[in-house]
Amino acid sequence: MHRTGKYIGKMACVSLLVFGCEVSNFDLQENPNYLTPESADPEYLLNEIQYRFQHFMGNMIVNTDDVMRYEAMTDTYPSIVSVDVLDGSTSKEWEGYFEALNNSRTISELAEGDETLLLHNAINKLLVGYMTITMVDYVGKIPYFQAVNPSEFPNARLDDGEDVYMSVLEDIDQAILDIEASTFKFSTDLFYDSDRDKWIAFAQSLKLRILVQTRLSSSSIGNANPVAEINALLEGNLIDTEEEDFQYTYANVVEPESRHPYFQRGYVSDFGQYMGNYFMYMLKDSKSQKDPRIRYYLYRQAAADPLIIPYNTCMDEPNVVYCYLGEYYRGLDHGESRTGYGDNKERTVYGLYPAGGAFDDDQFVTASKSTNLNGTGILPLLTTSFVKFLSAESALTLGTNGDPAELLEQAIRASMHKVLTFEDIKSDFLATDESVDAYVEEVMTNYANAASDEERLDIIITEYYLAAFGNSIEAYNFYRRTGYPSNIEVPIDDNNPTFPRSFPYSADEVEVNPFIKQKKNTERVFWDTNPEGFIK
């Protein structure tokens with residue numbers, strides 16, 4: 001962990017030296033900081049893409065945690081969306097994406113006719129392809145085909161999200177062929193150490209994710225049936241072991257900051273946010289026993305009851321649903337704007353998984369003073385459990401191969417194993433095999449007793465939601481795709497909330513590019529075909 005994190009940290013410093021601290025409008029104008037194919041080192045460029053990738057994906061996840069109730073949203077949807085999360089003062093996701101896209105196309109030019117760069121280019125296409133579909137998932141149409149080509153297209157036009165997706169699918173197919181044909185390694189592969197089988201498993205799993213999400217075939221456009229393609233993927237090499245899980249590992253490095261973003265939020269200084277009461281309720285009280293992952297996901301800082309003086313946080317507030325869950329699990333309801341209780345050191349914070357924080361051993365010590373993993377957590381991007389959940393959804397809704405019930409159980413157990421074995425710790429409160437079996441049995445009984453496929457899908461997606469903690473990109477997508485979990489908490493102070501079906505463009509980009517106009521958060525991305533007001 002430490003070696004990887006230190007290397008990434010060094011890459012971050014090099015990145016600042018090469019690109020500068022403030023670089024913008026990458027698809028619009030000539031940028032003197034861009035490396036050209038004649039002056040570029042493909043090893044360096046791919047290192048830079050890896051850095052940009054983890055930074056982009058990690059920040060997009062943080063951007064959506066409150067929207068998806070993992071953290072408490074302490075404002076309204078219009079307010080948080082208008083903050084322009086793709087153009088924030090620190091994350092700069094918009095600029096980072098186009099830097100990566102520019103580097104990606106430079107690598108592709110360098111790789112033409114050079115067999116030593118086949119694996120480099122394949123990894124490049126997969127990482128930037130994942131970033132690209134994430135951009136589409138958040139904002140819809142993006143500058144893509146004309147982007148980062150200022151000499152020919154000084155103002156890049158927006159491309160339809162479906163066309164961009166199709167281009168990424170073509171890149172994935174080509175990447176698989178290039179991986180299979182490659183004989184040279186990439187020396188600083190931070191994900192799979194140049195293991196070709198694992199990269200192919202990731203590539204095919206990413207393709208599965210795309211086909212399930214869009215319900216489109218990669219071979220044609222429109223209402224094509226993806227069943228045959230999904231079935232072929234299910235019979236092939238997919239992520240199905242923890243060793244193949246596609247994740248980024250953070251490190252205990254302070255300068256430059258390389259620790260998990262959740263750890264930085266909850267342990268480096270007093271926790272400035274609140275965990276979402278809905279999410280904590282789902283872990284603690286939605287079933288006959290607590291979710292075995294709860295002490296790994298969440299860490300309680302203090303044995304202090306918030307319903308007594310001086311806090312009294314929600315007793316007299318008529319709209320709250322959960323208020324206080326008991327047992328010192330202290331968060332806020334979704335849309336609760338009444339904050340500032342001075343309880344930063346008593347709030348529940350992120351725990352051991354995936355933040356690299358502390359396991360909840362009833363120690364009730366302030367997070368910053370706890371015994372923890374010092375931020376050596378992970379970014380769970382596409383894991384075995386996620387692939388199994390997607391396969392279960394596909395089997396149920398599209399009729400692809402596999403028993404959705406069996407796939408659901410495999411998905412839950414894969415998540416449990418990953419979380420509960422994340423770190424070798426000693427405690428009287430560790431989850432037991434019996435608790436996992438009881439949890440799975442209850443879910444599967446509910447699934448067997450469900451009266452319709454919609455109820456069964458609700459169960460699958462609800463369990464996906466709980467397993468996806470640490471990757472709200474997944475939750476944001478499947479919530480818009482399916483409308484589940486059905487019992488998800490609606491903002492408590494808004495009787496008719498408008499859920500953000502997409503996010504704004506970079507304000508800087510809108511200002512300088514005449515082809516890009518700012519849009520409303522009601523605008524839906526191409527694969528979101530559900531009606532207005534479908535979700536709240």
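**Close-up views of helix packing and salt bridges**

At 4% relative accessibility, Glu474 counts as buried. The views below are all taken from a predicted model.

View 1. Glu474 is part of helix H16. Leaving aside residues up to four places away in sequence, the residues touched by Glu474 are Tyr130, Arg209, Leu381, Phe386, Tyr464 and Ala468. With Arg209, Glu474 forms a salt bridge in which the closest N and O atoms are 2.6 Å apart. This pair links distant parts of the chain, since Arg209 belongs to helix H7 (residues 196-214) and Glu474 to helix H16 (residues 472-482), 265 residues apart. Both Arg209 and Glu474 are buried.

**View 2. Packing of helix H2 with helix H5.** The axes of H2 (residues 42-65) and H5 (residues 118-139) come within 10 Å and cross at roughly 25°. Angles under 35 degrees count as roughly parallel, and H2 and H5 are therefore roughly parallel to each other. Their crossing is left-handed. On the H2 side, the contact is made by Pro42, Glu43, Leu46, Ile49, Gln50, Arg52, Phe53, Phe56, Met57, Met60 and Thr64. H5 contributes His120, Ile123, Asn124, Leu127, Val128, Tyr130, Met131, Thr134, Met135 and Tyr138. Sorted by class, the contact of H2 with H5 comprises 14 nonpolar, 5 polar and 2 charged residues. Tyr130, one of the H5 residues in this contact, is also among the residues touched by Glu474.

**View 3. Packing of helix H13 with helix H14.** Helices H13 (residues 404-420) and H14 (residues 433-449) pack at an angle of about 155°, and their axes are 11 Å apart. Angles over 145 degrees count as roughly antiparallel, which makes H13 roughly antiparallel to H14. The crossing of H13 and H14 is right-handed. Pro404, Ala405, Leu408, Glu409, Ile412, Arg413, Met416 and Leu420 form the H13 side of the contact. The H14 side consists of Val436, Asp437, Tyr439, Val440, Val443, Met444 and Tyr447. The contact of H13 with H14 contains 12 nonpolar residues, no polar residues and 3 charged residues.

**View 4. The salt bridge between Asp360 and Arg295.** Asp360 and Arg295 form a salt bridge, with the closest N and O atoms 3.5 Å apart. Asp360 lies in the loop between strand E5 (348-350) and strand E6 (378-382), whereas Arg295 lies in helix H11 (residues 294-297), so the pair ties together parts that are 65 residues apart in sequence. Asp360 is buried, its relative accessible area being 0%. Arg295 likewise counts as buried, at 16% relative accessibility.

**View 5. The salt bridge between Arg259 and Glu257.** In the salt bridge between Arg259 and Glu257, the closest N and O atoms are 2.7 Å apart. Arg259 has a relative accessible area of 12% and is buried. Glu257, by contrast, counts as partly exposed at 35% relative accessibility.

**View 6. A network of salt bridges.** Salt bridges link Lys284, Asp285, Lys290 and Glu327 in a network. Over the whole structure, the search finds 30 salt bridges.

Conventions:
Residues numbered from 1 in each chain as written. Predicted model: local features only at pLDDT ≥ 70, side-chain atom pairs only at ≥ 80, totals over all residues. Heavy atoms only, no water. Axes fitted to C-alpha atoms, helices over the stretch in contact; angles between N-to-C directions. Helix = DSSP H or I, 4+ residues; strand = E, 2+ residues; numbered from the N terminus. Parallel < 35°, antiparallel > 145°, perpendicular 65-115°, else oblique. Left-handed = near helix turned anticlockwise from the far one by under 90°. Contact = heavy atoms within 4.5 Å. Nonpolar A, V, L, I, M, F, W, Y, C, P; charged D, E, K, R; others polar. Salt bridge = Lys/Arg side-chain N within 4 Å of Asp/Glu carboxyl O. Buried < 20%, exposed > 50% of the residue type's maximum accessible area, 1.4 Å probe, protein only.
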